[in-house]
Amino acid sequence: MKQKQMKSKKSTVSGDSLMEQLPLQKTCDLLRHRVSQLSTPPQIHGYDQERRQLLDLIRRTGTTGESNSALLIGPRGCGKSMLVENVVEELMLDKEIRDNLLHVRLNGLLQTDDKIALKEITRQLQLENTVGTKVFGSFAETLQFLLDALKSGSHSSKPILFVLDEFDLFAHHKNQTLLYNLFDVAQSAQAPVCVLGLTCRLDVVELLEKRVKSRFSHRQIHLFNNITLGDYTQLFISYLSLPDHFTDTKFVKTWNKHIQELASDQTVLGVLRRQFEFNKDVRSLQQLLMYPVCCVNENHPLLLPADFVDGMKIQTTDTKSAMLHGVSILELCLIIAMKHLTEIYDGELFNFEMVYSEYRKFAQKRSSMQVYEKAVVLKAFEHLIALELVKTMDGSGSRVQKEYRLLLLLVHPSQILDALQKYPNCPTEVKQWAQCSVI
Amino acid sequence: MAAMEIEEENPVKNISKKISCRNQQIKTLVSLIGQREQVAPPTLFLYGHTGTGKSLVINSLLQTRELPHVMVNCVECYNQRFMYEKILNKLQGLRSYMNDPDSYLKCDNMNDFIRMFRQVCEDRGLTKQTVYIVLDKAECLRDKEINILPAFLRLQELTHQNVCVVLMTEIVWEKFRTGTGYCEPYILNFPDYTKDEVLTILTEDRPEGCEADFYSMYLNLLLSVFHMVCRDLREIRYLASLNYDQYCQPIKTGDVLASDTRKLWKNIEPHLKKALQTVYLREVSSSQWEKAQQETEIGETPSLQGLSSRNHVELPYYSKYLLIAAYLASYNPAKTDRRFFARNSGKVDRRAKLIKKHERTSNHMLGPKQFPIDRLMAIFFSIVEGKVSPTANIFVQISSLVSLNMLGQVAGDDQIDTPKYKCLVSLEFIKSVSRTVGFDVLRYLYDFV
C-alpha cells in the first residue's frame, strides 16, 4: 500500500526541481507513519525468548492441531500486540500454516458483551454463508451453532487462533460465558484452537471465575520493559533512520549519518535521558519524536536538537500550572486562601464561607485591592469548581446551599507558587500573602 | 513545487491573518497535521480556558484546507448511539435523517462503528486522506460508557485507517485517566490571552465609524474594572458592547470632547462598577440594562431590580414563624436554647462568655446543623405569639416548606416519628421574613448576641 501511495505521488508531481524534493517528502511520510499507531517498529528489540515461546506455541496449533492457551502480560506500550502481530506475520510466510490457520482478532474495547463478540467471531470466521441470516439470530442460537461447528471438528479440522486484546475487559462480561467456552474448547478434544489473551493487569488470573480458571492452562508470558538507556538510544536511531533500499543511496547515507550525529549530540541525549527516566516504553518515545518529525519540511529539511527540546517542552508542561496561569486575580486570591485554609486546618475540608472570610481579611487589611462583594466572589469560585481545581466532597444526596458545600483543593501548594512566579502582573501583596498565611 | 508551497504555506498565513494572537498554536497544529495524505498524530488533546480559540483555530484550519472532518459536541450526544450515528452520517455527507431516511446509517455499539467507519471511508474515497474527528467538550466522554474514551484514543490502530481524533476541553488530561490507563494523546495547551492580546482582539470588532484609538481607550477603561475579576473573552466582549453607548453619551450631547478621557472616565466609572454587580452576575438581563440606560438619559431614576433583591416570598403567618424557628434551630447550638427561650433564663457567666468569643460566627461559617422536629416545635411555641395548638395544619406547613426548598429533610433512621430537618435559607432572607412579623431575629441568634 505504501508503495502504491508513493507511485501515485510520483505521477502527480512533475518538473525537474521537484525531483530533489522527493526523497525528503518520502522520508516525511515514512517517519510520520512510524510514529503513528498504524506502524510496526522497524526492528524488534529484546523479547527473544518470549518470541520463540509464542512462535512455538502458535506453530504447534497450526501444524499439529494442538490446543493451547496463554496470557501475555505486560505494562501498556511494552509491545504485546506488536509481538503477536509479528509472530503471526512470520508464521504466515509458511504456506502450510497460511492455508491452514484461521485468525480471529477480538478487542475488549469493541466487543463489550458476549453477544457482540459472538457475532464478530462468526463474521471473522466467515460463517455467515453457512448460517445465512442466522448470524443475527438469538445469542443462544449463535453460541450453539458456533459450538457445534467447533465440536464437530477434530484434530484434522482447521485450527483457529483467537487473539483477545484487553483480555481483562472480557473477564468482566456476565458469567464469563465467552471465556468459559473458548477455554473449554481449548481443553477438550475438539477443533484445535489457540487462545491468546493480551492484558496489562498483573492480577488478571484472579479476575477469572473458578471454572474458567481451571480450564486455563496457566501459561503466562510476561513482557517487561527491561531496556537500558543505551537500548533506548538505539531505538531512537532505528526509528529515525531510513532503510537502505529506500530512495537514492546518497540521500539515505546523508540522512542516516545525520541521525547518527544527532544521537551523539549532548542536547538530544539529555532529552532522551529525561524521557527515559519518566517512562521507557516505546509509545512515549513515539510521542517524543512526534513533534520533531512533524516539523520536517522543505524549509526545514533536517532534524535539529532544538526541535527535540521544543517537543520535550510541549510534553512536560505542568498542566495545572498552565491552567492556573489563565485564571483572574480574584480567582488566584481564592486559591491562595484555600491553600492557607488547608495548611492551617491540616487538610480538613472547607466551604465557601470560610474561603470568603479569609479572602476578605486579606483584602481589607493587607491590600489596596477593591473588596468584591460576595456574589462576584461566588461566581469566580464556581468557575474554579467548573475547572475542577476544587472538588465538592459531599454526596449528591445531601442538599445544602452552595456556600456551605464541603470542598477539597486539588492543587498542590508548590504548583500554586510555581504559577504565581509566572503569573503576568501579579500584585506584590498577593505574592507575599501566598508565601505566608499570617495576616 | 509552487502548488505544494501554496498548500503548505498559505493556510498558516491566511488563518493567522484572520485569527490574531494565536500564531504559535496555529504553526504547531499545521505542522502536526501536515499534508492531506500524510499520517497525522492519532490523537490531539487541546486544553485551555473557555474563549482561548480552541474551536476557532481547529475549525478554520480544517475548513480552509477543506480536509474531511466531523465536528461533534459531546454534550449533545448523551447516548453513545447518537455520537456514532452523527459521526458516520456527517462523514457520509448526509445533512439530516429527514432528507434521506434510506441511507441513514444506524449504529449502536463501538464494534459496528469501527466496521461502518471503514466502510464509509472506503465509499467516500477517503482511505488515503486523514479523516479528522473533532470532539468538543470532551470532558463529557468520561461520564459515558467506560470503553468509549480509550477506543477513541486508539481509533487509528483499531480502524487501520489514517484518522486523527481531536479532543477539546477545559479540564486537564490528568483527570481523564482511569483504570489501567490509555494510549496517551498528544497534549497541546492553548494559553490564555494576555491583557494586550485581549485589547487587540476586541479592538478588531469595534462598532462601525469608530476610531481604533478611541475604542481601545474605552476598552482600557473597561478592563481596568473587569480584568481583575474576569478573564473570559466572551464575557468582556459582551460587556464592552453593552456599555459602549453609555460611554459615548456625553460626546453625543456635546458635554465632553472625544479627546477628554478624564471626564469620560469619571462619567463611565460608576456605571461600570454597577455593571459588575448587576449585568455580570446576570441579576438583570441585558435588555433591562439597556432600558435602564435609556431611562437615565431621559433623567429618570433607573428602576433596576435584580433577581436576588426579589427574595421576598409571601408565606402564611405560621409558616413564617416555623421558618424562623427552623433557622434558629439550625444556627444555634442546642445547649443555648434554654438561655434564649426559657422564661427565666439565667445570667451568662464570665467563662461562658470567654468560650463564646472563640467560636464567634462559627455557626454561620460552618452552615446549618440538623435538628429534630421536637426542637423545632419547642422553639416555635416559644417564639410565636398567642396559643397555637399543634394541629395537622401546622405539620402540613412544615412539609410544604420542605417542598418549597426552604427546609431540607435529612435522611435518618426514623423518618416518621422524629424526622430531622435543616434550614436552607440565607440570613438576609430570614431577616426580611422576620421583619414582616415584627420579630427581631438577631436578638436570638447565638452568633450575633
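Volume is the space filled by probe spheres set on the points, which are joined across faces, edges and corners. Five cavities of 30 Å³ or more are present in the structure. The lining of the largest cavity (residues with an atom within 4 Å of a point) comprises 14 residues, and A:L118, A:L143, A:L146, A:L178 and A:N181 are the closest to its centre. Two or more lining residues each come from α7 (114-124), α9 (139-152) and α11 (177-187) of chain A; helices are DSSP runs of H or I with at least four residues, numbered from the N terminus. The lining divides into eleven nonpolar, two polar and one charged residue (nonpolar: Ala, Val, Leu, Ile, Met, Phe, Trp, Tyr, Cys and Pro; charged: Asp, Glu, Lys and Arg; polar: the others, Gly among them).

In chain B, helices α13 (residues 317-331) and α17 (residues 373-383) pack at about 120°, with axes 9 Å apart. Axes are lines fitted to C-alpha atoms over the stretch in contact, and angles run from 0 to 180 degrees between N-to-C directions. Contacts (heavy atoms within 4.5 Å) involve, among others, B:Y318 and B:L322 in α13(B) and B:R375 and B:F380 in α17(B). The contact residues divide into 13 nonpolar, no polar and one charged.

Residues are numbered from 1 along each chain as its sequence is written, and chains are lettered from A and ligands numbered from 1 in the order in which they are written. In this predicted model local features need pLDDT of at least 70, side-chain atom pairs count only at pLDDT 80 or more, and totals for chains, interfaces and linings use all residues, while side-chain values use heavy atoms, with hydrogens and water left out.

Terms used:
On a 1 Å grid over the protein atoms alone, a cavity is a set of points where a 1.4 Å probe fits but cannot get out, and a pocket is an open set with protein on both sides within 12 Å along at least five of seven lines; lining residues have an atom within 4 Å of a point.
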